[in-house]
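Let's take a friendly walk through a protein model together. Have the sequence and the 3D view ready, and follow along one stop at a time.

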Amino acid sequence: MTLSRTSRVRRASGACALALILATSGCSSDDPPADPYSVSQSAAFGATLDADYGEAGPGSLESAQQLLTIDRRVSAVSSVAARVVYSSTSGVDGSPQRVSGTIFAPEGTPPEGGWPIIAYGHGTTGVLEDCAPSTDPELLGSSQIVAALVRSGNVVTVSDYQGLGLEGSYHPYLDARTVGNNLIDSVRAARKLIPEASTKWAAFGGSQGGQASWAANELARSYGEGLDLVGSVSLVPAADMVGLAEAAANGTLTDDQKPLLQWVLVGLAQSHPELDLDDYRRGIVAEKWDELSACGGALAADRTSLAAQISDDDLRPATPEATAKLAEYLRQMSLPMSPAAAPMLVLYGGKDTLISQAWTEAAIAAGCASGDTIQSVLQPNSGHADIDGAAAFGWLEDRFAGTEAISFCPPPAL
C-alpha cells in the first residue's frame, strides 16, 4: 500500500502515541476482579448517518447514529464517530443476532485502496446488557487507544459483543466463536458506513478482546468471505480457559480467577439451560449472585468487596462429573478451534494471575502444531494489566504493508 507524505506523517505520530499508550496501560480495560465499571449511560446519539442499509445478512447495518458525547480525544481525530447496530451470528447455535458497537473513521484523504480497518476487541466490561462500551463516552476505557489507532490512519470498529448494549439477547462470555464473528461483522458494517474503507483489515485486542482477535483470525477463512485479513494481535488473550475447571475443583483458583469464573457461569447458564448452576455455586456466590453478575448501577457497588470474600468452596464443582462437564463447555469455547487464516502476534505475561502463562502457552503450542504463523512474546515480569504492547503497532504496520511475518513456532517435525 503506497502512502502519501501526509499519511506517513499521520501514521508515524500515531505510532508514537500508541506505543506510549500500550507501554503504560497494557490492556484497555481490566478483567474482573478490577473495580467494576460504572456504566454512565451518558453517551448521547444524534442524527442517523448515510450508509448502505439495503442488504441483509451478517454485517448488514440496521442503524448508524452520530456519537455526540464521545471522548474529545476521539472526536478530535475522527471524521465519523458512530454508534451502530449490525447483524452477526451466534457462535453457540448459529442464530442471527443484533449487535451494537462503534465505528470511527480518520480525517483526510484515504490512501490508495482505501482506509485500512482495525477491529478492536475490548477487554471484559461485564456480562449484562448495560455493560457496553458504546454507552459510555470513554468506551469504558478504550477511547484512548481507539483515538491513537484512528489518528494513525485507520477506520476502527469496537464491537460491544453480542448481548452487551441491546435487549433481546445475552452475552455468552468467553465464547470464542461469538466474539470472533462479532469482530468480523463489525468490519463488514464499517464498509457499509465508510465507503472509503478498504477490504484489508486486522484484528487487535486484549484479554477477552485478545481472544476475540485470535478467534476472528481463525474464523476469517470460513466466515470472513470478501474481506482480506492481514493479521491479528492478541495481548494476554483468554484463549484456552479449560484450566478453570480443574482449578475450581482443586481449590486453586486465584483471587482474580474466582470472579472471572462466576461471570463465565452467568453466560454458560444462558447458552446451556441444562446446566445446573447449583452444582457450581454456594456460599456468598449463591447468596450474592445478582450483585456479582452486575457491572454497573446499585447492584455493582459492592462487587469488588464481595468478590474478595469468595472462598475456594464457593465455586468448587459438586462432583467429578460436574467438573468434567464444565471442562467440556470451556473446551468448546476455547482456542485454537481451527488453523488461523493470517499471522498472529501474541503477547503475554509470566506473572498473570488471571490467565495462566501455562494456559496461553498451551494454546500457542496447539496453534503452532496446526501450522499457524505465530510470533509469541513472553514478558516474564508482566501481569495481566501491565503488559507492554508497544511492539503491536509496528507489527500491524508491517502486515498492512505486505511484509512477510516472522513465526516463532518450531519447524514441523519431518
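The bend at a residue is the angle between two axes, one fitted to the seven residues that end there and the other to the seven that start there. With that in mind, find helix 5, residues 208–223, in this predicted model. Helix 5 bends by about 35° at Asn 217.

Now look for helix 4, residues 176–193. The axes of helix 4 and helix 5 come within 7 Å and cross at roughly 70°. Angles of 65 to 115 degrees count as roughly perpendicular, and the two helices are therefore roughly perpendicular to each other. Residues of helix 4 that take part in the contact include Val 179, Leu 183 and Ile 184, and on the helix 5 side Ala 212, Ala 216 and Leu 219 are among them. The contact residues divide into ten nonpolar, five polar and three charged.

Next come the disulfides, and the structure holds two. In one of them, Cys 131 and Cys 295 have their sulfur atoms 1.9 Å apart. This pair links distant parts of the chain, 164 residues apart: Cys 131 lies in the loop between strand 5 and helix 3, and Cys 295 in the loop between helix 9 and helix 10. Cys 131 is buried, with a relative accessible area of 0%, and Cys 295 is buried at 1%.

Cys 368 sits in helix 12 and Cys 409 in the segment after helix 13, 41 residues apart. Both Cys 368 and Cys 409 are buried. The torsion about their S-S bond is about -70°, so this disulfide is left-handed.

Notes
Residues numbered from 1 in each chain as written. Predicted model: local features only at pLDDT ≥ 70, side-chain atom pairs only at ≥ 80, totals over all residues. Heavy atoms only, no water. Helix = DSSP H or I, 4+ residues; strand = E, 2+ residues; numbered from the N terminus. Axes fitted to C-alpha atoms, helices over the stretch in contact; angles between N-to-C directions. Parallel < 35°, antiparallel > 145°, perpendicular 65-115°, else oblique. Contact = heavy atoms within 4.5 Å. Nonpolar A, V, L, I, M, F, W, Y, C, P; charged D, E, K, R; others polar. Disulfide = S-S within 2.5 Å. Buried < 20%, exposed > 50% of the residue type's maximum accessible area, 1.4 Å probe, protein only.
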